[in-house]
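The following exercises concern a structure whose sequence is displayed with it.

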Amino acid sequence: MYFDLMAKISATEKVSGVERVAVTFTGIAVVFLVLLILIIFVGCFGKIFDKSKKNNSASNGGGVSAPAVSKPATETKSTPMSFACEEDEVVAVISAVIAQMSAADGKTYKIKSVKRRTTTAGGRPIWAAEGIRQNTNPF
Amino acid sequence: MSEFINLFLDTLKEIWQTSGFYALFQGDGWKSIVMLLISFVFMYLAIAKQFEPLLLLPIAFGMFLTNLPIINIEDAMYHPELFDYVYEYAADGSVIDHYIDYGRVLKEGGLLDILYLGVKLGIYPPIIFLGIGTMTDFAPLIANPRSFLLGAAAQGGIFFTFIGAAVLGFTAAEAGSIAIIGGADGPTAIYVSTKLLSGGDFKISTGTIALAAYTYMALVPVIQPPIMKALTTKKERAIKMATLRSVSKTEKLIFPVAVTLIVALIVPSAAPLVGMLMLGNILKESGVCSRLVDTAQNALMNIITIFLGVSVGATTKADKILNLEFAKVIALGVVAFALGTACGLLLGKLMCKLSGGKINPLIGSAGVSAVPMAARVSQKVGAQTDPTNFLLMHAMGPNVAGVIGSAVAAGVLLSVIG
């Protein structure tokens, strides 16, 4: 498109002052133009997909003759189960640590309840934050 | 007896005078010594400091091989004279055409001459882009398309450096080749300089550009942080960005086709790079070409990286490199990098202000391609201010946008300079 606006500069000749400015501004303008078109395009189809996703979830939630999809159904079933397993493992680990403490100081402890504390670091659960920190630390 | 001794001594003298050791201390032999020492430094940086070792080590070894003084020219692995242009003249003495005699290269060339054909013909960089495409996840960019702006802004380094190079007296092709170093994208720099510097005989070569580009890419973690800290406040660096939305598979499939379509129609010169990048990406996202993806991102990428590195290193012959022009390229290269980083950061600051403090300006510096090094630097500098701040995924958006942006900028330079 800029071919019409600007003639080609000879590769083997030195660049004049006007040509320097022209190349710089043409270059920046074309790069921004192309990427702006991409922003608009990607933004538009992102919105369309979001909308269709919301419509799908709304229709599923409302129970209005939503088509039965086997995959998500198994996912929703399996999630609480695995979560429960993780919870049991966490309780087992806490019990083991307390038993170890008990053996070390000779006192007897009784676990009345195990409650999740909502400790956060930067808006994330503390273990999630620690996981991300470890994964990004080597950089 | 004396005849025997004379014959023996003459033979020894002959062997000494045809050896590389003798050549090292004759005429410009000192230049070869300097280049050999530079190659050792690069090998050290690649192995001990792990600065882009996959590329720097083959480049350094190619540099080592090409600068070993060899008296018998036929034994050399790289012959730069084979790539000199053959000119055809009209009856009035004007040049009708000029070309490289590739038949002669195939007939008389050494191993590195043959490998260098992939650089000279512009084959390796697009194939590397294919491999990069299979390894790139554009989801952060699709989720936050505004990242494209940061990728575009960082290309300012390319065009502002063009002015600097032109002021220093370089021709248009040389200035364009130097400026593209600011894109912080090795394959793009090689592709553009090969194309631009094929129009005649120039003071700089593709090897010079590649050497500067890869050296600065390796030094991204050193060059960028001081600029990032100087141009942002502590408060800005501590900004935490909202989690990105999830991107559907359909969006990921439409993206490479749309980008190729738009870029190739507007800047056709960028089509080989962007087209191959997006081919690699659609192979990956399709999920049905796992064998091709595996080959492109492993075997093919590794083979081309070795060929590219060694042959580019081989172009750094002492007599072509050790001159004032090389020093100027090195100086302008760092200016290009710094300007690209600064442009990205400044637009990041502007977007931060306009969004009411929702965008951390540090992600702007990742707009200078150098995937994923520049994004890692954004993450690192952000985490230095607040260890619980995770900018990596946010910075990957501008980072991959920078790859597309530098390919578009390359297309512009190739179109404007003829």
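**Exercise 1.** In this predicted model, determine what percentage of chain A is buried, and describe the secondary structure of chain A.

*Solution.* Begin with burial: of the 139 residues in chain A, 11% are buried. Next, list the elements: chain A contains three helices and two strands.

**Exercise 2.** Characterise the side of chain B that touches chain A.

*Solution.* Start with the contact itself: 39 residues of chain A meet 52 residues of chain B. Then identify the elements of chain B that supply two or more residues to this side; they are α9 (147-153), α10 (156-167), α11 (172-179), α16 (249-266), α21 (373-385) and α22 (392-416). The largest share, nine residues, belongs to α16(B). Lastly, sort this side of chain B by class: 32 residues are nonpolar, 15 are polar and five are charged.

**Exercise 3.** Decide how α6(B) and α18(B) are oriented to each other, and state which residues meet between them.

*Solution.* Consider the axes of α6 (residues 111-120) and α18 (residues 290-314) of chain B: they come within 8 Å and cross at roughly 110°. Angles of 65 to 115 degrees count as roughly perpendicular, and α6(B) and α18(B) are therefore roughly perpendicular to each other. Now turn to the residues. From α6(B) come Leu112(B), Leu115(B), Tyr116(B), Gly118(B) and Val119(B); they meet Phe307(B), Leu308(B), Val310(B), Ser311(B), Val312(B) and Ala314(B) of α18(B). By class, this contact has nine nonpolar and two polar residues, and no charged residues.

Notes:
Residues are numbered from 1 along each chain as its sequence is written. Chains are lettered from A and ligands numbered from 1 in the order in which they are written. This is a predicted model: local features need pLDDT of at least 70, side-chain atom pairs count only at pLDDT 80 or more; totals for chains, interfaces and linings use all residues. Helices (H or I, at least four residues) and strands (E, at least two) are DSSP runs, numbered from the N terminus. A residue is buried if 20 or more other C-beta atoms lie within 10 Å of its own, exposed if 12 or fewer, and partly exposed in between; C-beta atoms are placed from the backbone. Two residues are in contact if their C-beta atoms, placed from the backbone, lie within 7 Å. Ala, Val, Leu, Ile, Met, Phe, Trp, Tyr, Cys and Pro count as nonpolar, Asp, Glu, Lys and Arg as charged, and the others, Gly among them, as polar. Axes are lines fitted to C-alpha atoms, for helices over the stretch in contact, and angles run from 0 to 180 degrees between N-to-C directions. Angles under 35 degrees count as roughly parallel, over 145 as roughly antiparallel, 65 to 115 as roughly perpendicular and the rest as oblique.
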